[in-house]
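Q: How do I read the way helices and strands pack in a model like this one? Please show me on an example.

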Amino acid sequence: MYRYDQYDQAMVDTRVEEFRDQVRRRLEGHLPEEAFRPLRLMNGLYLQLHAYMLRVAVPYGTLNSAQMQVLGDIADKYDRGYGHFTTRQNIQYNWIKLEDAPDILADLATVEMHAFQTSGNCIRNTTSDQYAGAAADEVVDPRPYAELIRQWSTVHPEFNFLPRKFKMAVIASDTDRAAMRLHDIGIQIVKNESGELGAALYAGGGMGRTPMIAPCINPFVPIGQMITYAEACLRVYNRHGRRDNKYKARIKILVHELGKDEYTRQVEAEFAHLLTQNIEPPAAELERIKTFFADPPFETGIPDELDRSDPAFARWVDTNCLTHKQPGYIAVTISLKPVGGIPGDASADQIRLMGDLAKQYSFDELRVTHAQNIVLPHVKKADLYALWQVLEANGLGTPNLDLIGDIIACPGLDYCSLANARSIPVAQKISERLAPREAEIGELKLKISGCINACGHHHAGHIGILGVDRKGVENYQLLLGGCEGADTSLGQITGPGFDEDGIVGAVEKATEVYLANKQGEERFLDTYRRIGMAPFKEALYG
Amino acid sequence: MKILTGNDLKTGAVTWWDGVQWSLHVEDAVDVGEHADTILAREEAARRVNSAYAIDAVKDETGVRPAHIKDRIRALGPTVRPDLTLKPADPEAGNWVI
């Protein structure tokens, strides 16, 4: 993985001391909250329902063991013994004291971490494929390009005060595992017929209040011009984005209102201008970055078979493991969704344990997934059973990846000051009710948001749930048919909402409609797309 | 009744105006009547509270109960982690929120 150079470390260390001074001035009364608020948000520190919340950046979801040790220690020392992995592949802590925040940032800096740009109207943490560098289907490892974007976008003077927040994702395979087209800018690294690398640029996607699927605005930008093109996209947005109305300020509204063709025309004009300015990072820098993402020293000629005689292990392998590009290895997803648990939460001990396991079994690498799980990307198959036994013994062996118990849920009204309804209790009830039927139901991605901001990606769930406030009472809308993959689609609302218990029953009814109408190997999403909304509405409201 | 709530500046803990100072317990909250703005301005300026605001509440046999679920969750703690609420020994405490 990428390691800081002297410049990176100095920038992070300087920011820690700058924030320490800002906190001191706030506590001494020299800074009012109106002045301090944007400063703390620039350092990932929110004020939530119960306390300050610190969101820590995990660039493209990549972590090592030393970082996990510090993340676990922060949970114990400064929080209440746990952390919450988020849908932007970050981690956040819910019980932070303002006076501790500078020390936490200092601890993070010792392992090359920070909380820059995890809030505010800037370019947020760039996300990527959690199987990058391991997946057999990728054109190239997307992480060097994500890292280049991280360096370009971090404290970029022109893009620190955008009309609204700005999210980017980079993938390098046709199987989209990062919800790429639901980002402000999505990038797919591709190869053309001549074998040259390029970036397919998608702009104007997003979830939230007005969900949009990003259209492709340029199918092939030469890879040596990717940053210049992204800068052109940002410049046009920064110039014309709606600063008068925060609900219409995201780039998706601009692309929609201008139209894809006009937005693209303006981007191309800006791009042509920027090419004359030579703003692209030197090719040597990309090559330097790539060296950090070289394959680990895989063993060759090792067995590629698994002993599947333990049925519980075999089930977990079939559910939670992905074929690796290197024979003899496998990519492992550790589910943070135990039955009835809180999606994305991990105890300090579990965080440290996963770090230890990465060091022992996965070349010291972990990934946070946007579905709030953890990946060990490079596990030798010969070690898999031993690894699984440790995971099982520590509540980390749930075999439910992409099944109905693998629910994405935002913190909701239990923690978040923006939420209208609780997400986690709904996830827990659905998990408890339907996890016993996971094998029968098969792949079903269920996503829950506690408000219209859609941190729980409800628009992209095969089944989505949106919590709303109906005259002070929690109410839940049901959506069907969303998908975040290469065939991205947005879920459609079934009809009137349900109360907390009602939404659990409604989800169960939806699965029963699917099972009654399923043909062959169809997934829930396939059946929904074939039969449409009507049979589901009939079952729910008829 | 109108009561005042905010967060402790240093710790971020949820606090309630008890007529003299800021308490961690909603049952200590007092009706501030028409004086909310005056108290809020004074307490914010003194840095004894952060992001404070006035809310509607009722007082019944169970104590002071904020009108909105969001403030009841703030008063108790996350309903999904009873061990982290102000009443960790009371398994029924979450029912007060709903």
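Q: Which strands of chain A does helix H5 lie across?
A: In this predicted model, helix H5 (residues 143–153) of chain A lies across S6, strand S7 (168–171) and S8, at about 155 degrees to S7(A). Helices (H or I, at least four residues) and strands (E, at least two) are DSSP runs, numbered from the N terminus. Axes are lines fitted to C-alpha atoms, for helices over the stretch in contact, and angles run from 0 to 180 degrees between N-to-C directions. Contact requires C-beta atoms, placed from the backbone, within 7 Å. Residues are numbered from 1 along each chain as its sequence is written, with chains lettered from A and ligands numbered from 1 in the order written. Local features need pLDDT of at least 70 and side-chain atom pairs 80 or more, while totals for chains, interfaces and linings use all residues.

Q: What is the order of the strands in the sheet?
A: Strands of a sheet pair through backbone hydrogen bonds, either parallel or antiparallel. Two strands pair if DSSP finds at least two bridges between them. In chain A, five strands form an open sheet in the order S6-S7-S8-S9-S10, with mixed pairing. Strands S6 (127–128) and S10 (216–222) of chain A are at the edges with a single partner strand each, so one side of each has no neighbour in the sheet.

Q: How many bridges join S8 and S9 of chain A?
A: Seven bridges pair S8 (residues 185–191) with S9 (residues 197–203) of chain A in the antiparallel sense. A:Val190 stands opposite A:Gly198 in S9(A).

Q: Which strands does helix H6 of chain A lie across?
A: Helix H6 (residues 226–240) of chain A lies across S8, S9 and S10 of chain A, at about 15 degrees to S9(A).

How values were computed. Two residues are in contact if their C-beta atoms, placed from the backbone, lie within 7 Å.
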